[in-house]
Amino acid sequence: MYVNVVVHISDEGRIDPLAVIWPDGHVYRIDEILFRGQPGQMQKGAKTARYRVRFGRHETDLYLEHKQGNPALGTPDKLRWWVNAVDTTLQGTAS
């Protein structure tokens, strides 16, 4: 699921996520960045970097996707954040 993320970009260009804003408006402050990966190989027109983050006692992976634009078509580069999310509101889902 794509999410909004509040970030800090250092004067050296390092990107640090500070908080995740869920689609329902909940804001989850990131307490610690446990791992900061480098963008991997290009797949489906995008490179993705994995961040391992901690919210309180919960750890999860947060991904920064960099999709390259096409100057010939006038499309810009896109940076998007996403997380693996499971919808537990579906019928038949065990609690």
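This is a predicted model: local features need pLDDT of at least 70, side-chain atom pairs count only at pLDDT 80 or more; totals for chains, interfaces and linings use all residues.
Colleague: How does the lining of the second largest pocket split by class?
Modeller: Five of its residues are nonpolar, three are polar and none is charged. Here Ala, Val, Leu, Ile, Met, Phe, Trp, Tyr, Cys and Pro count as nonpolar, Asp, Glu, Lys and Arg as charged, and the others, Gly among them, as polar.

Colleague: Which residues line the second largest pocket?
Modeller: The lining is made by Val 20, Trp 22, Tyr 28, Phe 55, His 58, Thr 60, Val 83 and Asn 84. A pocket is an open set of points on a 1 Å grid over the protein atoms alone, where a 1.4 Å probe fits, with protein on both sides within 12 Å along at least five of seven lines; lining residues have an atom within 4 Å of a point.

Colleague: How much space lies in the second largest pocket?
Modeller: About 180 Å³, taken as the space filled by probe spheres set on the grid points, which are joined across faces, edges and corners.

Colleague: And what volume has the largest pocket?
Modeller: About 200 Å³. Its lining has 13 residues, and those closest to the centre are Ile 15, Pro 39, Ala 49, Tyr 51 and Leu 64.

Colleague: Which elements give two or more residues to that lining?
Modeller: Strand E5 (46-55) and strand E6 (58-67) do; strands are DSSP runs of at least two residues, numbered from the N terminus. E5 gives the largest share, four residues. By class, the lining of the largest pocket has six nonpolar, four polar and three charged residues.

Colleague: Changing topic: how many salt bridges?
Modeller: The structure holds eight, a salt bridge being a side-chain nitrogen of Lys or Arg within 4 Å of a carboxyl oxygen of Asp or Glu.

Colleague: Start with Asp 16: buried or exposed?
Modeller: Asp 16 is buried at 10% relative accessible area (buried is under 20%, exposed over 50%, partly exposed in between, with a 1.4 Å probe and protein chains only). Asp 16 forms a salt bridge with Arg 14, at 3.0 Å from N to O. Arg 14 is partly exposed, at 44%.

Colleague: What does Arg 50 form a salt bridge with?
Modeller: With Asp 61, at 2.9 Å between the closest N and O atoms. The pair links distant parts of the chain, with Arg 50 in E5 and Asp 61 in E6, eleven residues apart. Arg 50 is partly exposed at 32%, whereas Asp 61 is buried at 18%.

Colleague: Which residues do salt bridges that share partners join into one network?
Modeller: Arg 29, Asp 31, Glu 32 and Arg 54. In the pair of Arg 29 and Asp 31, the closest N and O atoms are 2.8 Å apart. Arg 29 is exposed at 59%, and Asp 31 is partly exposed at 33%.

Colleague: Last one: where is Gln 68 found?
Modeller: Gln 68 sits in the loop between E6 and strand E7 (78-82), partly exposed at 47%.

Colleague: What does Gln 68 touch, not counting residues up to four places away in sequence?
Modeller: Met 42, Gly 45 and Asp 77, contact meaning heavy atoms within 4.5 Å. Gln 68 and Met 42 are 26 residues apart in sequence, with 9.5 Å from C-alpha to C-alpha.

How values were computed
Residues are numbered from 1 along each chain as its sequence is written. Side-chain values use heavy atoms; hydrogens and water are left out.
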